[in-house]
Amino acid sequence: MFERIMIPVDLEHTDKLQNSLEIAARMAREYDATVYYVTVSGSLANRAARTPEEMARHLADFAREQGEKHGIRTDSKLMHSNDVAVELDDKLAQAQKELDANLVVMASHIPGVADRLHLISSNAGELARRLPVSVFVLR
């Protein structure tokens, strides 16, 4: 049913992704699918990496570790952005299209007052509305 599963990851916050990482791995084993770990990153240094090249290496290492841990096929994709906060949804949508992923598994925050007032929306909610594939959102 699913052949290519995309999971957006923020390497600074992998501790908050454990549920989505586990679910994506289970689904990959069930459907003999490949999991693609995708990060959107800018040129500026952050806690995860000082350069885009270092970020790409860390992401590839993370994908390999997940594959070994869960016994699944994995790959990684780094999407460059000039402004991650503004372009995140567009870059994730572009990654889904380029990877031809037919399922996206991603974590989301617990909705708060700002969500109910439509002041902000979650990236997961936005992708679920925009993408032509199934989006499995986990809290």
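Reply: Before the charged pairs, one definition: a salt bridge is a side-chain nitrogen of Lys or Arg within 4 Å of a carboxyl oxygen of Asp or Glu. Please also keep in mind that this is a predicted model.

Me: OK, how many salt bridges does the structure hold?
Reply: There are eight salt bridges in the structure.

Me: What does Asp-32 pair with, and how far apart are the N and O?
Reply: The side chain of Asp-32 meets that of Arg-73 in a salt bridge, with 3.0 Å from N to O. Asp-32 sits in the loop between H1 and S2 while Arg-73 belongs to strand S3, residues 73-80, so this pair ties together parts that are 41 residues apart in sequence.

Me: And is Asp-32 buried or exposed?
Reply: Asp-32 is exposed, its relative accessible area being 55%, whereas Arg-73 is partly exposed, at 42%.

Me: Which residue forms a salt bridge with Asp-90?
Reply: That is Arg-130, and the closest N and O atoms of the two are 2.9 Å apart. Since Asp-90 lies in helix H3 (residues 84-99) and Arg-130 in helix H5 (residues 123-130), the pair ties together parts that are 40 residues apart in sequence. Asp-90 counts as partly exposed at 42% relative accessibility, and Arg-130 is partly exposed as well, with a relative accessible area of 38%.

Me: Which residues do salt bridges with shared partners join into one network?
Reply: Glu-3, Arg-4 and Asp-100 are joined that way. Within that group, Glu-3 forms a salt bridge with Arg-4, where the closest N and O atoms are 2.8 Å apart, and Glu-3 itself counts as partly exposed at 47% relative accessibility.

Me: Switching to the inside now, how many residues are in the largest nonpolar core?
Reply: The largest nonpolar core has 23 residues, and those with the most contacts inside it include Ile-5, Ile-7, Leu-21 and Tyr-37. Two or more residues each come from strand S1 (4-8), helix H1 (18-31), strand S2 (34-41), helix H2 (52-70) and strand S4 (103-107). The largest share, five residues, is given by H1.

Me: What does Leu-21 touch?
Reply: Leaving aside residues up to four places away in sequence, Leu-21 touches Ile-7, Val-9, Thr-14, Tyr-37, Phe-62 and Gln-66.

Me: What else lies apart from that core?
Reply: Another core, of 16 residues, lies apart from the largest one, and among its members are Tyr-36, Met-79, Leu-127 and Val-135.

Methods: Residues numbered from 1 in each chain as written. Predicted model: local features only at pLDDT ≥ 70, side-chain atom pairs only at ≥ 80, totals over all residues. Heavy atoms only, no water. Core = buried A, V, L, I, M, F, W, Y, C linked by side-chain atoms within 4.5 Å. Buried < 20%, exposed > 50% of the residue type's maximum accessible area, 1.4 Å probe, protein only. Helix = DSSP H or I, 4+ residues; strand = E, 2+ residues; numbered from the N terminus. Contact = heavy atoms within 4.5 Å.
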